[in-house]
Amino acid sequence: MNKLNITWCWPDILNLHGDRGNVMALVRIAEKMGLEAEVHKVVNFGDEIDLDNTDILLLNPGEFKSCEYIVNAFSRIKEDLDDYIYRGGVILAVGTTGASFGKTIRKLDGTAVTGLGYLDMECQERDSIVGDDLICKMRETGFDLNGSQIQVMDTFLNGDVALGDVEYGYGNCSYEDRREGARTENLIFTNMLGPVLVKNPWLAQELILLAMSSKGVMNLPKPDEGEFELERKSLECVRRYNQTKQNK
């Protein structure tokens, strides 16, 4: 049986919003696709990250101050991370954690941290929190994505690198900004919580397909369309509810 290796980075530190559900969703969908899913936890910032045995690198939301520690941890293995990204390894960074992969992370106190630089964006800590539903359409796949947002930072994209286009909710840096998240190749940053892979199992499936194809495993069976019926109905319910808010 083919194996999917998921490296779950710092789950006890990046532990906001119940997003351990993202790991559970990946394991569940992988099993439905005939894969053996193995989860490797990286507990502390000083622990080794075995990218040679990683197909999906998962970073859930943490506090804004964690970004600097994430940058430092990955900077120690920058060449390995470069190679991982080059060979098509998948990275999903959710919430404020995504700032670590941008160019600059600016704090409210006026200080700034240089990010890892893979995503052409700058992030600014907010002095207030934005909370709302969030619906967008992924640019590369056309998938509708549905979740919630609790944003403590604004993201400014330098170029057209958005993950998706916002149908409802706060964009990367305002309600007028209709761009959500950022993406380059198989590195994906999203503001969407929910957890995002629980509410959007088709995204979990897409990440698995990307990861497995990067190591030459193709033509995997996909879950039956009916497997995702509940989540699709949930999306439509949220969409209808948000239309009532917009009409007020």
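Let me begin with Glu-68, which is partly exposed, at a relative accessible area of 32%, where buried means under 20% relative accessible area, exposed over 50%, and partly exposed in between, computed with a 1.4 Å probe on protein chains only. Before I go on, please keep in mind that this is a predicted model, in which local features need pLDDT of at least 70 and side-chain atom pairs count only at pLDDT 80 or more, while totals for chains, interfaces and linings use all residues. Residues are numbered from 1 along each chain as its sequence is written, and side-chain values use heavy atoms, with hydrogens and water left out.

What does the side chain of Glu-68 meet in a salt bridge? The partner is Lys-107, at 3.1 Å from N to O, and by a salt bridge I mean a side-chain nitrogen of Lys or Arg within 4 Å of a carboxyl oxygen of Asp or Glu. This pair links distant parts of the chain, since Glu-68 belongs to helix α2 (residues 66-75) and Lys-107 to the loop between β5 (104-106) and β6 (112-114), 39 residues apart. Helices (H or I, at least four residues) and strands (E, at least two) are DSSP runs, numbered from the N terminus. Lys-107, at 24% relative accessibility, counts as partly exposed.

By this rule the structure has 18 salt bridges. Another of them joins Asp-120 to Lys-103, with the closest N and O atoms 3.1 Å apart, and this pair too links distant parts of the chain, Asp-120 being in the loop between β6 and β7 and Lys-103 in the loop between β4 and β5, 17 residues apart. Asp-120 is partly exposed at 25%, and Lys-103 counts as partly exposed at 39% relative accessibility. There is also a network, in which salt bridges that share partners join Lys-137, Asp-144, Glu-167, Glu-236 and Arg-239. Arg-87 and Asp-83 form a further salt bridge, their closest N and O atoms lying 2.9 Å apart.

Staying with helix α2, let me turn to Ser-66, which has its place in that helix and counts as buried at 7% relative accessibility. Leaving aside neighbours within four places in sequence, Ser-66 is in contact (heavy atoms within 4.5 Å) with Ile-13, Leu-14 and Phe-45. Ser-66 and Ile-13 are 53 residues apart in sequence, and their C-alpha atoms are 8.1 Å apart in space.

Phe-45 brings us to the aromatic residues. The structure holds six aromatic pairs, where rings of Phe, Tyr and Trp (its six-membered ring) pair if their centres lie within 6.5 Å, and planes under 30 degrees apart count as stacked, over 60 as edge-to-face and the rest as tilted. Trp-10 and Phe-45 form a tilted pair, 4.9 Å centre to centre with 45° between the planes. Trp-10 lies in the loop between β1 and α1 and Phe-45 in the loop between β2 (36-42) and β3, so the pair ties together parts that are 35 residues apart in sequence. Both Trp-10 and Phe-45 are buried, and together with Tyr-69, Phe-74 and Phe-101 they form one aromatic cluster.

Next, the interior. In soluble globular proteins, nonpolar side chains tend to be buried together. A nonpolar core here is a set of buried Ala, Val, Leu, Ile, Met, Phe, Trp, Tyr and Cys residues joined through side-chain atoms within 4.5 Å. Which of the 38 residues in the largest nonpolar core touch the most other members? They are Leu-4, Leu-26, Ile-56, Leu-197, Leu-207 and Ile-208. The elements that give two or more residues to this core are β1 (3-9), α1 (21-32), β3 (56-59), β4 (90-94), β7 (121-138), α4 (196-199) and α5 (201-214), and α5 gives the most, with eight residues. Not counting residues up to four places away in sequence, Leu-26 touches Ile-6, Ile-56, Leu-58, Leu-197, Ala-204 and Ile-208. Apart from this core lies another, of 36 residues, among them Leu-59, Val-113, Tyr-118 and Ala-182.
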